[in-house]
Amino acid sequence: MIVEMRSGTTPEEIDGIKQRAKSLGFSVQLNLGTDKVVVAILGGNTGQVPTDVFAVLPGVDSVTRIMKPYKLASRTFKKEDSVVSIGGGVSIGGKRIVVMAGPCAVESEQQLLTTAEAVKQSGASVLRGGAFKPRTSPFSFQGMERAGLKLLARAREKLGMPVITEVVDSHDVGLVSKHADILQVGSRNMQNFTLLTRVGKSRCPVLLKRGFSCTVTEWLTAADYLLAEGNSQVILCERGIRTFEDSARFSLDISSIPVVKKSSHLPIVVDPSHAAGHQSLVPAMAKAAVAAGADGLLIEVHLNPEEALVDGAQSLTIAGFARLMEELAPIAQAVGRFI
Ligand code: PEP
Ligand code: MN
């Protein structure tokens, strides 16, 4: 249930709502908007309580039920777009389309630093690199783990570039957030609720990838796990879903961008690399994402894609990435953004 307060509401009136909710066994979350305070009343059986219970309290403007399973991620709770600020003066969800680029996996210091310098030069503002790799097979390279995190932190320091990396284990959230500016929750972990709860308790910005077999509703409901714990720095990432079509690695669900924009206040970035599975498809998919309203891109780039330990086939070369960045600029401009 969403309680919208009248403008100019007092702290006592807001307290009145909190007390009433508490007496009914519900919890609350506040959205202190620029002109209005909105209170979400949360709990399993809010549907059984008449809206009048809150509508009659002082300072209340309106009470609405949220019919969707996700509450805090919804536009009903927060009408204005959320903008997530990360280190280095970079924000996601504003006019600038933020490009995060780098190798699928950190492989060595030289590989990471050379790639980081090159992608920065071409206009990427966040460095990506996996240290913990959730691989389909236990016999595949699992990442450099702690040593990889150290290299990411070194690259961040050297280049002044914020870093995004995946966290796969709830026990590693503290460790990974010390070395990174954005915690990535991967597609395979979108519904790992223990991990989401732990990441939600951290105050580190988080990029929540869409599970490749999950609906947009399930994805936004998973985002509620992060928001419910008080982490409001949530970025969504569309990375392709499983369909009957097998000509690309996954099917990039472009429609999820306007659907998310309509249903949620959270920023959305697109990962064309994992959806494509092949580097030749990446540029067109990246351009389509920007044209459709994505707030950013997450792109895999490798010095020598044929020698990459993970995801070489879908990685752009340094030159390919530089070319794509040039081609994206006029598309961003056409939709009122810049890159
Ligand atoms: C990745 O970004 O390297 C990755 C493993 O992505 P996904 O979780 O989307 O498969
Ligand atoms: Mn990858």
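## Basis of the description

Contact means that heavy atoms lie within 4.5 Å. This is a predicted model, in which local features need pLDDT of at least 70 and side-chain atom pairs count only at pLDDT 80 or more, while totals for chains, interfaces and linings use all residues. Residues are numbered from 1 along each chain as its sequence is written, and side-chain values use heavy atoms, without hydrogens and water.

## Domains

The chain is assigned domain 1 (2-64) and domain 2 (84-334), with bounds from an automatic or database domain assignment. Their C-alpha centres are 36 Å apart.

## Nonpolar cores

A nonpolar core is a set of buried (under 20% relative accessible area, 1.4 Å probe, protein chains only) Ala, Val, Leu, Ile, Met, Phe, Trp, Tyr and Cys residues joined through side-chain atoms within 4.5 Å. The largest has 75 residues, of which Val-199, Leu-208, Leu-236, Leu-297 and Phe-321 touch the most other members. Helix α7 (residues 216-228) gives the most to this core, with seven residues; helices are DSSP runs (H or I, at least four residues), numbered from the N terminus.

Leu-208 touches residues including Val-185, Trp-219, Leu-226 and Leu-236, leaving aside those up to four places away in sequence. Apart from this core lies another, of 16 residues, among them Met-1, Val-37, Val-39 and Val-53.

## A helix pair

The axes of helix α10 (residues 282-291) and helix α11 (residues 318-334), lines fitted to C-alpha atoms over the stretch in contact, come within 9 Å and cross at roughly 25 degrees. The two helices are therefore roughly parallel to each other, a term for angles under 35 degrees. Among the residues making the contact are Pro-283 and Val-290 of α10 and Leu-324 and Ile-331 of α11.

Key: Chains lettered and ligands numbered in written order. Buried < 20%, exposed > 50% of the residue type's maximum accessible area, 1.4 Å probe, protein only. Axes fitted to C-alpha atoms, helices over the stretch in contact; angles between N-to-C directions. Parallel < 35°, antiparallel > 145°, perpendicular 65-115°, else oblique.
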